[in-house]
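Me: I'm new to this one. Can you walk me through it?
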Amino acid sequence: SKAGNCRSTRGSVATLTLTEPSPEASRELHMPAAPATSDDHKKEGNELFAKGDFLRAAAAYTRGIKAAPDSHVLYSNRAQAFLRLHKVGKALEDADRCIALAPDFVKGYHRKASALHALGEPARSEEAAELLLGAIERGMEDRELVRLGVTVGGKAFAARLDAFRKAAAPVAPEEGDKPAAPPPPAKKAAPPSAAAKEAPPTAAAAAKGPTEQSLSEGLGEQLPWEAPPEDFAAGCLQPILKRFLAEGLVSLPAVVYLQPAPPTKGSREEPSLGQISIKPAFASPSTLAQCADFLQGKAAEARARSAVIFVRKALIEYPCVWKEKRKQEWPFDAKADGLFMQCESQNDRVVYFTQLTESKGGVCSVGETVQLDPATFALMPRLFAT
């Protein structure tokens, strides 16, 4: 093809001069832009999701699905975006499609169970628990599936999972025809104390928080029920930071400590420290609401003077209170990790964030602590009636 230059002067006839374009210009004119691939759309969606822009993330995943209709990962990702947008029906459809495309993909079952539970109907939550248990029984043993199952199905799910694991445990073969020796008589277990009944469900969870002894060290001469709530919170914080410096970010908990009420008149026992693991609470709005209801009941039952909540930022999927905040409100980098501390009492409520870092060489350091506006950054609803 040829390009033209038009020249005109006053009082003369316009003339058209034709020139041949250079080979380089010709190639530029005919070089089409490379179409975006499904991976490009997935990457875009992931970046938008990380920023909290779930609507545009879902749109990016949709473009990716059009480019790769059989991508189970894109259906899984879009289901998660739909869940964040509270479009539960669409999330359920995508989760079903994900499982149909990849029956062994763990996240497909996690997405579907989350969507079923989000419907808010007891029957659908039971269906979610059955789905998760079935996936685990088929060999998809996964920590996230187990955690979600306990959140959805509670103690009944945990009991069924424990029974399945015991039944699936391998039995040692007998040697020849020699009958197996009878097992030694089991020691009779002592009945659990009241304090043990209130302990967190796992020893690992309990080990991450202060013990009665370490709390006493943090409070000095003050008794736990006599300390002002802010001193009680500081006493709980000290052993957590001490453990972090020794073991790193992985040691940070998601836990609530209830400050005990003074002992009743005539009581011979000192009130014990209330400690509750709340890691599953920060998976979704529904799990957070359930946990808040449970903690409100526990605080009232224990006549707690105050409560202090500690949560590692990296453990929080909801609510991501730090996202899309101005520098004056959230002075840290969006990717910064650390510890939220929310202190609650009947008359007061404060929120702090402490930045914590761990180098590739395993060196841990405690950074700046900033007090945040509780109206904006509170992780939990109020636990005490005002």
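Me: Which helix gives the most to the lining of the second largest pocket?
Reply: H6, with five residues. Keep in mind that this is a predicted model.

Me: Which helices each supply at least two residues of that lining?
Reply: Helix H4 (72-84), helix H6 (106-118) and helix H13 (285-302).

Me: How much space lies in the second largest pocket?
Reply: About 490 Å³. The lining has 25 residues, and the closest to the pocket's centre are Leu 83, Arg 84, Ala 283, Ser 284 and Pro 285.

Me: How do the residues of the lining divide into nonpolar, polar and charged?
Reply: 10 are nonpolar, nine are polar and six are charged.

Me: New topic. How many aromatic pairs does the structure hold?
Reply: Nine. One of them is Trp 330 with Phe 340: the ring centres are 5.9 Å apart and the planes meet at 20°, under the 30 degrees needed, so the pair is stacked.

Me: Where do Trp 330 and Phe 340 sit in the chain?
Reply: Trp 330 is in the loop between strand S5 (306-312) and strand S6 (338-345). Phe 340 is in strand S6, 10 residues apart from Trp 330.

Me: Is Trp 330 buried or exposed?
Reply: Buried, at 4% relative accessibility. Phe 340 is buried too, at 1%.

Me: Which residues do ring pairs link into a cluster?
Reply: Trp 322, Trp 330, Phe 332, Phe 340, Phe 353 and Phe 377.

Me: Which charged end sits over the ring of Trp 322?
Reply: That of Lys 313, 4.5 Å from the ring centre. Over the ring of Phe 377 sits the charged end of Lys 325, 5.8 Å from the centre.

Note on methods: Residues are numbered from 1 along each chain as its sequence is written. This is a predicted model: local features need pLDDT of at least 70, side-chain atom pairs count only at pLDDT 80 or more; totals for chains, interfaces and linings use all residues. Side-chain values use heavy atoms; hydrogens and water are left out. Rings of Phe, Tyr and Trp (its six-membered ring) pair if their centres lie within 6.5 Å; planes under 30 degrees apart count as stacked, over 60 as edge-to-face and the rest as tilted. Helices (H or I, at least four residues) and strands (E, at least two) are DSSP runs, numbered from the N terminus. Buried means under 20% relative accessible area, exposed over 50%, partly exposed in between (1.4 Å probe, protein chains only). A charge sits over a ring if NZ of Lys or CZ of Arg is within 6 Å of the ring centre and within 35 degrees of the ring normal. On a 1 Å grid over the protein atoms alone, a cavity is a set of points where a 1.4 Å probe fits but cannot get out, and a pocket is an open set with protein on both sides within 12 Å along at least five of seven lines; lining residues have an atom within 4 Å of a point. Grid points are joined across faces, edges and corners, and a volume is the space filled by probe spheres set on the points. Ala, Val, Leu, Ile, Met, Phe, Trp, Tyr, Cys and Pro count as nonpolar, Asp, Glu, Lys and Arg as charged, and the others, Gly among them, as polar.
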